[in-house]
Amino acid sequence: MNEKEIKRVSKFLSFVLRHSPETINLKLDENGWANVDELILQSKNQEVKLDLDALTIVVETNDKKRFAFNEDKTKIRASQGHSIDIELNLNEIEPPDYLYHGTVAASIDSIKEIGLQKMSRQHVHLSKDKETAIKVGGRRGKPIILIVAAGRMQQEGFKFYLSENGVWLTNEVPAKYIQF
């Protein structure tokens with residue numbers, strides 16, 4: 001499987017496991033898990049050739065660990081970033097004092113006004129370091145890095161979660177906690 005094919009499969013999995021499983025008649029359980037055999041079967045109708053080996057390569061080589069298998073590799077799910085309603089069973093955890101968010105200039109005025117909102121996703125995504133935030137923000141243009149006073153937020157009642165792949169999650173970040 002070459003890099004181009006791995007990227008294509010990863011994008012396909014992101015779409016069906018995070019946003020739109022119904023497009024291939026795939027059923028996710030309440031925790032976002034899909035049956036691997038069903039995923040492989042249903043993907044054939046979309047002209048995406050999947051097998052367990054291909055899925056394993058994508059899960060194991062994705063630098064952001066976007067996907068995970070259960071222990072016996074009979075189920076697969078996206079680690080976070082869902083726009084569909086699922087329960088990831090994340091435990092609340094104390095964040096570091098500061099977390100980071102990568103964005104672009106076009107979003108700054110809105111963020112200054114209403115803060116960071118989850119929009120169509122289940123959570124706002126934050127990074128533990130500036131380097132990761134630069135990569136995230138750089139996907140849509142020249143990145144601007146925002147510093148979020150996560151420790152203060154948590155002290156004032158906001159909840160934080162850490163996904164399996166190291167992305168910090170919260171429901172919102174009001175503008176008063178953001179350094180621009």
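This is a predicted model: local features need pLDDT of at least 70, side-chain atom pairs count only at pLDDT 80 or more; totals for chains, interfaces and linings use all residues.

Me: Understood. How do the residues lining the largest pocket divide by class?

Reply: The lining of the largest pocket has twelve nonpolar, 20 polar and 14 charged residues.

Me: Which residues lie nearest the centre of that pocket?

Reply: K64, R66, R121, V136 and R139 lie nearest the centre, out of 46 lining residues. The space in this pocket comes to about 1500 Å³.

Me: And which elements give two or more residues to its lining?

Reply: These are α1 (3–19), α3 (52–61), β4, α4, β5 (116–117), β6 (124–126) and α5. The most comes from α1, which gives eight residues.

Me: How many cavities of 30 Å³ or more are there?

Reply: There is one cavity of 30 Å³ or more. The volume of the largest cavity is about 30 Å³.

Me: What lines the largest cavity?

Reply: Its lining is made up of Q80, G81, H82, L88, Q122, H123, H125 and L169. By class, two of the lining residues are nonpolar, six are polar and none is charged.

Me: On to the sheets. What is the strand order in the one with β4?

Reply: The order is β4-β7-β11, in an open sheet of three strands with antiparallel pairing. β4 and β11 (178–179) are the edge strands; each has a single partner strand, so one side of each is left without a neighbour in the sheet.

Me: How many bridges hold β4 and β7 together?

Reply: The antiparallel pairing of β4 with β7 (residues 144–148) runs over five bridges. Within it, L99 has V148 of β7 as its bridge partner.

Me: Which helices lie across these strands?

Reply: Helix α4 (residues 105–114) lies across β4, β7 and β11, at about 25 degrees to β7. Helix α5 (residues 130–138) lies across β4 and β7, and its angle to β4 is about 20 degrees.

Me: What about the sheet with β1, then: which strands stand at its edges?

Reply: This open sheet of three strands has the order β1-β3-β2, again with antiparallel pairing. Its edges are β1 (34–35) and β2, each with a single partner strand, so one side of each is left without a neighbour in the sheet. α3 packs on this sheet, touching β2 and β3, and its direction makes about 125 degrees with that of β2.

Me: How many bridges join β2 to β3?

Reply: Three bridges join these antiparallel strands. In one of the pairs, F69 has I76 in β3 as its bridge partner.

Me: Last topic, the backbone. What is the phi of K73, and where is the residue placed?

Reply: Phi of K73 is near 60 degrees, a positive value in a residue other than glycine. Most residues other than glycine have a negative phi. K73 is in the loop between β2 (67–69) and β3 (75–78).

Me: And N89: where is N89 found, and is N89 buried or exposed?

Reply: N89 lies in the loop between β3 and β4 (99–103), and phi of N89 is near 55 degrees, also a positive value. Exposed means over 50% relative accessible area. N89 counts as exposed because its relative accessibility is 52%. K73, at a relative accessible area of 30%, is partly exposed.

Conventions: Residues are numbered from 1 along each chain as its sequence is written. Side-chain values use heavy atoms; hydrogens and water are left out. Helices (H or I, at least four residues) and strands (E, at least two) are DSSP runs, numbered from the N terminus. Buried means under 20% relative accessible area, exposed over 50%, partly exposed in between (1.4 Å probe, protein chains only). Two strands pair if DSSP finds at least two bridges between them. Contact means heavy atoms within 4.5 Å. Axes are lines fitted to C-alpha atoms, for helices over the stretch in contact, and angles run from 0 to 180 degrees between N-to-C directions. On a 1 Å grid over the protein atoms alone, a cavity is a set of points where a 1.4 Å probe fits but cannot get out, and a pocket is an open set with protein on both sides within 12 Å along at least five of seven lines; lining residues have an atom within 4 Å of a point. Grid points are joined across faces, edges and corners, and a volume is the space filled by probe spheres set on the points. Ala, Val, Leu, Ile, Met, Phe, Trp, Tyr, Cys and Pro count as nonpolar, Asp, Glu, Lys and Arg as charged, and the others, Gly among them, as polar.
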